[in-house]
Amino acid sequence: MRYKGTIALSLSLLALGCNGGPEIPSPNLSHAEAQVAEKIEKLQGEVRANPRSAEAWGNLGMNFDIHDFKHEARRCYERASELDADDFRWPYFAGIILTEMGNPEGMTRFERAEKIDDRYHPLLILIGQWAHETGDRDRAHEAFLQAKAVDASSAHALLGLARVALADGAMEEAHHLLVTAVELDTLNREVRGLLAEVLRRLGKPKAAEAEMRTVRRLPEITPLKDPVYEEVIGEGVSALWFRERGRGYEAKGDLAQAVREYKGALRYKPDASGHAYVGQLLERLNRLPEAMIHFRQAITISPRYIPAYLRLADALARDGKAVSYT
């Protein structure tokens with residue numbers, strides 16, 4: 001009955017993948033946007049063709065990651081890290097996924113990344129945040145201090161140190177750290193919100209309320225600048241990620257690049273509100289004829305979409321033409 005052994009061997013090889021390595025993750029892509037599924041399938045093919053390539057596994061992982069196939073992404077990052085233990089990205093990206101899931105193994109991956117590069121500021125901030133959340137205040141304090149040493153202008157590092165000080169009951173120290181952080185980043189809502197709380201605890205209600213009035217006008221989150229993770233964000237090809245990148249460029253004042261990203265979203269999701277928004281950006285760039293095209297497209301898609309009529313009327317008036325909706 002030697003065929004039983006042959007069958008068992010074949011099944012084992014299938015489980016490991018056709019090249020004897022780990023099986024390539026193959027999630028159900030039927031609900032993904034067509035361009036997302038096409039890109040992932042292409043990258044799966046590249047892994048099959050180059051099963052010993054850390055870059056191929058990592059690229060597949062980044063695309064799983066940004067399109068919300070997190071478990072599959074983690075497996076790819078782990079494999080990439082096995083194949084190239086000197087590449088900082090793979091344990092770092094795996095650590096982000098794991099900590100977002102609340103998995104303590106995330107810290108292990110962060111520490112592995114830290115051994116490769118112990119001066120990457122965003123990693124140190126993430127280590128400090130995770131350590132603080134899990135009650136390891138000594139490790140948190142160490143990581144935030146290291147982040148501050150790497151970047152003396154880091155409001156995120158000072159915010160982390162203030163949280164540790166507050167947890168230790170060192171109110172005055174927390175207050176000093178937060179005041180310094182505000183000087184470095186006046187628009188950081190998290191810093192100013194915690195400063196308001198510290199002022200309240202210090203018995204300064206008027207100063208706390210004044211701080212809260214400022215907080216209410218600020219964006220919800222001041223994102224941590226992370227050039228390495230931006231590589232993952234750049235892999236996104238869903239309409240959602242074109243819009244997310246567009247918002248990022250718009251926030252930086254790069255309206256021309258924002259328009260390019262938002263137009264990318266319209267290729268895959270040509271909705272009325274999207275066309276109207278691109279039209280508004282084009283108006284701000286003084287590209288009125290192009291803006292009017294998008295307002296008309298919005299009206300064609302949704303004839304009851306009133307904002308597009310109003311924006312078109314305004315653009316026509318600015319362009320010195322009679323108002324027309326046809």
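Reader: Why does R139 count as buried?

Author: This is a predicted model, and the values are computed from it. R139 has 14% relative accessibility. Buried means under 20%. So R139 counts as buried, at 14%.

Reader: Where is R139, and what does R139 touch?

Author: R139 lies in helix α8. R139 touches E111, E114, I127 and A131. That leaves out residues up to four places away in sequence.

Reader: What makes R139 and E142 a salt bridge?

Author: The closest N and O atoms of R139 and E142 are 3.8 Å apart. The cut-off is within 4 Å, from a side-chain nitrogen of Lys or Arg to a carboxyl oxygen of Asp or Glu. R139 and E142 therefore form a salt bridge, at 3.8 Å. Both residues lie in helix α8 (residues 137-150). They are three residues apart, about one turn of the helix.

Reader: Why is E142 called partly exposed?

Author: E142 has a relative accessible area of 45%. Buried is under 20% and exposed is over 50%, with partly exposed in between. At 45%, E142 is therefore partly exposed.

Reader: How do you know that K39 and E235 form a salt bridge?

Author: Their side chains meet at 2.8 Å, N to O. K39 lies in helix α2 (residues 34-49), and E235 in the loop between α13 and α14. So the pair ties together parts that are 196 residues apart in sequence.

Reader: What makes R318 and E283 a salt bridge?

Author: The side chains of R318 and E283 meet at 3.7 Å, N to O. The limit is within 4 Å, so the name holds. The pair links distant parts of the chain. R318 is in helix α18 (residues 306-318) and E283 is in helix α16, 35 residues apart. R318 is partly exposed, with a relative accessible area of 43%. E283 is buried, with 3%.

Reader: How many salt bridges are there in the whole structure, and which residues are linked in a network?

Author: A search of the whole structure finds 28 salt bridges. R74, E78, E105, R109 and R112 are linked in a network of salt bridges.

Reader: How do you know that the span of α4 agrees with what a helix should give?

Author: Helix α4 covers residues 70-83, which is 14 residues. At 1.5 Å a residue, α4 should span 20 Å. The end C-alpha atoms of α4 are 20 Å apart, so the two values agree.

Reader: Which residues of α4 are buried, and what covers them?

Author: E72, A73, C76, Y77, E78, R79, A80 and S81 are buried in α4. The cover includes α3 (54-66), α5 (89-100), α6 (105-116) and α13 (230-234).

Reader: Why is A276 called buried?

Author: A276 has 2% relative accessibility. The limit is under 20%, so A276 counts as buried. A276 is in helix α16 (residues 272-284). A276 touches F295, A298 and Y305, not counting residues up to four places away in sequence. The C-alpha atoms of A276 and R311 are separated by 7.8 Å. Along the chain, A276 and R311 are 35 residues apart.

Reader: What makes H121 buried?

Author: H121 has 13% relative accessibility. With the limit at under 20%, H121 therefore counts as buried. H121 is found in helix α7. H121 is in contact with A147, V150, D151, S154 and L224, leaving aside neighbours within four places in sequence.

Reader: What lines the largest pocket?

Author: The largest pocket has a volume of about 1700 Å³. Its lining has 38 residues. T222, P223, L224, K225 and D226 lie nearest its centre. The lining divides into 16 nonpolar, nine polar and 13 charged residues.

Reader: Which helix gives the most to that lining?

Author: α14 gives the most, with eight residues. α5, α7 (121-133), α9 (155-167), α13 and α14 (239-252) each supply at least two.

Definitions and conventions. Residues numbered from 1 in each chain as written. Predicted model: local features only at pLDDT ≥ 70, side-chain atom pairs only at ≥ 80, totals over all residues. Heavy atoms only, no water. Helix = DSSP H or I, 4+ residues; strand = E, 2+ residues; numbered from the N terminus. Expected span 1.5 Å × (residues − 1). Buried < 20%, exposed > 50% of the residue type's maximum accessible area, 1.4 Å probe, protein only. Contact = heavy atoms within 4.5 Å. 1 Å grid on protein atoms, 1.4 Å probe; cavity = no way out; pocket = protein on both sides within 12 Å on 5 of 7 lines; lining within 4 Å. Points joined across faces, edges and corners; volume = space filled by probe spheres on them. Nonpolar A, V, L, I, M, F, W, Y, C, P; charged D, E, K, R; others polar.
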